[in-house]
Amino acid sequence: MGGGPERAPMVWALAVRETADGPPFAEVIVEVGPALHGELVENLVDSGFTLAAGEPPDTTAVVEVRGPLLARLVLVGGRQVWEPASPVEASAGWVSAAEDRGRVIVLVVPPGTWPPGLMSLAPQGRIELFTRSLEEARAAGRVLHGTAAVDLGAAEL
C-alpha cells in the first residue's frame with residue numbers, strides 16, 4: 001500500500017472547479033514526497049493517467065469517500081491503494097459535484113508544489129499562491145491528471 005507517512009509526506013486537497021458549460025467538477029489534488037513520487041507515478045500511468053494537457057482521460061482509478069472523509073485512491077485495478085495519513089474532509093459542495101458527474105478529476109503534482117507556509121495565509125491568498133504554483137508545475141509538464149470513478153459509499157469501510 002502506498003502512502004505510508006513513515007516513507008514520505010503526502011498532501012491531499014479537495015476542490016470544486018466551476019465550468020462555463022455544465023455542472024462543476026470535483027477535484028482531488030495529491031502531492032507525495034520524493035520517496036514515493038516515482039511509485040505513485042508508475043501506478044497512475046498503469047491506471048491511464050497522462051500529463052496534464054487538454055482534457056483529463058478516463059482512467060481505471062476510483063476515489064472512495066466514506067461519510068464526509070476522503071478514504072482512498074485506488075489504482076491499477078484495485079492492486080494499489082493510496083490513503084491520506086490524516087483526515088481530509090469533503091465539503092457538501094464537493095460531494096454534490098462528485099455525485100452530479102459520477103466522476104472526479106485527480107491531479108497529482110510533483111514534490112514541492114505546495115508552497116511552504118501556504119496554510120498560514122488567508123484563504124484567498126492560499127488559493128492564489130497554490131493556483132500559481134500548480135499552473136507552473138503544469139506548464140513544466142510535471143502534473144499528471146485523469147478522471148476517476150467516485151464511490152460515495154457508507155460511512156464504514
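**Exercise 1.** Work out what volume the second largest pocket has, and which residues line this pocket.

*Solution.* Start with the size: in this predicted model, the second largest pocket has a volume of about 170 Å³, a volume being the space filled by probe spheres set on the grid points. Here a pocket is an open set of points on a 1 Å grid where a 1.4 Å probe fits, with protein on both sides within 12 Å along at least five of seven lines, and lining residues have an atom within 4 Å of a point.

Next, list the lining, which consists of Arg 17, Thr 19, Phe 25, Glu 27, Gly 54, Glu 55, Pro 56, Ile 105, Leu 107, Arg 138 and His 145.

Residues are numbered from 1 along each chain as its sequence is written. Local features need pLDDT of at least 70 and side-chain atom pairs pLDDT 80 or more, while totals for chains, interfaces and linings use all residues, and side-chain values use heavy atoms, without hydrogens and water.

**Exercise 2.** Describe the order of the elements and the overall extent of the chain.

*Solution.* First count the elements, which are three helices and eight strands, taken as DSSP runs (H or I, at least four residues; E, at least two). From the N terminus on, their order is β-β-α-β-β-β-β-α-β-α-β.

Then compare sizes: the radius of gyration (over C-alpha atoms) is 15 Å, close to the 15 Å from the globule rule (2.2 Å times the number of residues to the power 0.38) for 157 residues, so the chain is as compact as a globular protein of that length. Lastly, its C-alpha atoms fill a box of roughly 35 × 35 × 30 Å along the principal axes.
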